2 protein chains.
Amino acid sequence: VVARAAVVVTGTEVLTGRVTDRNGPWLAEQLRILGVDIGQIVVVGDRPADLASALRFLTSSGNDLVITSGGLGPTADDLTAGIVAAVQGRELQLDPELEQQITRIVERLSAERGWHTDPESTAAATRKQAMVPRGAQVLPPVGTAPGLVVPPAQGSGPPVLVLPGPPAELQGMWPAAMGDPLIQAALSGREELLQSTARLWGTPESELAATLRAHRDELDGLEITTCLRDGELEIVTRYSPDAQPAYARLQAALAADFAPTLFSADGATIDEIVAAGLLGASATIATAESCTAGLLAGRLADRPGSSAYLLGGFVTYANQVKQQLVGVPAELLETVGAVSAEVARAMADGARQRLGTTYGVGITGIAGPGGGTPDKPVGLVHLCVSREGRALERRIVVPGSRAHVRARSVVVALHLLRELLAS
Amino acid sequence: VVARAAVVVTGTEVLTGRVTDRNGPWLAEQLRILGVDIGQIVVVGDRPADLASALRFLTSSGNDLVITSGGLGPTADDLTAGIVAAVQGRELQLDPELEQQITRIVERLSAERGWHTDPESTAAATRKQAMVPRGAQVLPPVGTAPGLVVPPAQGSGPPVLVLPGPPAELQGMWPAAMGDPLIQAALSGREELLQSTARLWGTPESELAATLRAHRDELDGLEITTCLRDGELEIVTRYSPDAQPAYARLQAALAADFAPTLFSADGATIDEIVAAGLLGASATIATAESCTAGLLAGRLADRPGSSAYLLGGFVTYANQVKQQLVGVPAELLETVGAVSAEVARAMADGARQRLGTTYGVGITGIAGPGGGTPDKPVGLVHLCVSREGRALERRIVVPGSRAHVRARSVVVALHLLRELLAS
């Protein structure tokens, strides 16, 4: 059997969406690497009753380990240690050695950062952070807060691993946590779990479903999940090492049915494929963007080393700037309009020629919510990717919000670039 | 009492962190606007038992409404309707009218997008999506999947509102869902909950904590959460209408202690403040970006109507492009280097002068992970915002990842722009 863990993320700022949780996904990935299955991530606010009920649910749902992140700080809304102690049936007590350790850390930090701290409130904050459930294992602080491993006082429930909220502290404490004997015992007997990813561009989900149904009997032992994101259909499969032949059969079925759209059989992302293509061809690229206004260039620069191919680009938001910066002819703007295949082509060629690059990209569209007409509705985007002597053009109409139209346009541009690089 | 809701987000791709959940935060915000309190968000994978146990937990934890997102697609891992039916004690049955409706939608989409679909697999997929729990209310599809309102067959538990996973579909279905009589009954008798936000730029969290401690006795009835994001310290307060005087006291305390850094007392975001400043001054703007490579221009274009002030910009990634596009002198690049206050200034002025705008912004830095030196470490970024006769410059060293350095640089540029607009 595979060991199972669950995660509780605390913090009203996460629950209300003001902050994106980075700890849940990071912990899920670390657990996957260890071969531990993750079943649930529960996000709760800074309210004692909600945290307690989430912990009671997860410690009684067949998990071998429950991990909490956050709520260990010095302020009054940081309640995790006390609630974990209560749920596991243990009392909080002061750990004098830990109190001294935290005092030394705070003194060092205050000196380094030039904080002017009030001694009394610092002592109170330190004392709060040094309160530990009786019988719990303390993990040394990475910031100022210690981690905790808290087994149940009675019965056979899982231990609760209490980690700090700041991602750098949580990640820094992870090796010590995984080395703790109680955690190791909880996760012992685990089996390795593999994960592989394939990606399709332009196949509807229903077609993939038909292939999976047709091959159902050959795919025993695979946990296949599919999801559509940014127009890409992603197939992630988890399986134990003995199911590797079944995964090979899935790969063969995908290759047989979807050869034209299977752009990534090995999990490579479109960004990685485009970067490898440009590097492999020693090619350079320049962009000219209207509705996306720099998002494609920004994404091309996401990867370290992107200066090897990205020389620069143009944000040509106003029509007059399209003329001035990339030489779109005024008469084109007057006759066919800024959102047209011709202007996208002129932008791609103009960017390429002005910067002397191998490839040029032009994107022009109506991101909305205003500006649509019956002929040219909101969501209409024209894209062009060109090199000397060859160009690929695409017209798309993207439903949904302004942000969605712009994000999708960037992905379509990357796929056009992939096609042109491969041709 | 305040009505309470909980959310279940389904999808192994969310659980494992490959996709960031956008539905939980969006639903939390919509519920807040309606005065409904959200207690938990649970993320589960595409496993029947995990979804069922999460639903049993949330329907028995004092919630007035439980909302699910995702798992309504045509593939076998899309299981939500069946599991919600089972948990609520109802059988799934085919809704023939809904089946016809989905058939028409799929035909239209296939025609529009040029999909080549196999009739048999399309029919199977449609039939799956038209399976509805007996006695449930159907919400019309926005994409191809219908929504559902599923009350318990027996007993007094909350209804489960089943929404699709793609954010555009979920958001499009929300008004119909909130108009459903069962949902309205579940949330009736709710009390309004107010939420106000203030934002500081440049105050450490510990100083804010000290102010909150000093005024603790005057702030009864306020649920205050603070969080630091992108360098902004955000203070979100929730309170019932009778606690409005206490919120006024908090506002007064913030204004007294943090006047120089309190850039938003009314919740306005830095993007809104900058947009209003540019519109109010009938000013225009152009950007020249190196390490951020278009992310600032892209963000300035996030808002509808941004063409009133954003004329365009330059992505000047290569040094030679900095010279060519915005006229950075070659000798400056040789003497002080591309990452310098002088080059940031030349980029801001060059962008402004080339496009004839009121404001120009220049950003040049070392996003890492490579390229750092002892003098110019990874994370060093020089920024400049200029207009005719006046410029503001800033040098920052941002710790953390490449993505973090670039994101923080964009926010710093927006704050510099706010300062220059106000001066």
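Here are legends for a few close-up views of this predicted model. Local features need pLDDT of at least 70 and side-chain atom pairs count only at pLDDT 80 or more, while totals for chains, interfaces and linings use all residues. Residues are numbered from 1 along each chain as its sequence is written, chains are lettered from A in the order in which they are written, and side-chain values use heavy atoms, with hydrogens and water left out.

**View 1**
Take A:Cys291: the nearest cysteine sulfur belongs to A:Cys384, 14 Å away. In the other view of this spot, B:Cys291 has B:Cys384 as its nearest cysteine sulfur, also 14 Å away. B:Cys291 is buried at 4% relative accessibility (buried means under 20% relative accessible area, with a 1.4 Å probe and protein chains only).

**View 2. Helix α16 of chain B.**
Helices here are DSSP runs of H or I, at least four residues, numbered from the N terminus. This one covers residues 402-422, and its end C-alpha atoms are 31 Å apart. Most of α16(B) is covered up, with 15 of its 21 residues buried.

**View 3. Leucines in a nonpolar core.**
A nonpolar core is a set of buried Ala, Val, Leu, Ile, Met, Phe, Trp, Tyr and Cys residues joined through side-chain atoms within 4.5 Å. The largest one has 54 residues, and A:Leu55 and B:Leu55 touch the most other members. Leaving out residues up to four places away in sequence, the contacts (heavy atoms within 4.5 Å) of B:Leu55 include B:Val8, B:Ile83 and B:Val160.

Definitions and conventions
A disulfide is a pair of cysteine sulfur atoms within 2.5 Å. Buried means under 20% relative accessible area, exposed over 50%, partly exposed in between (1.4 Å probe, protein chains only). Helices (H or I, at least four residues) and strands (E, at least two) are DSSP runs, numbered from the N terminus. The expected span of a helix is 1.5 Å times one less than its number of residues.
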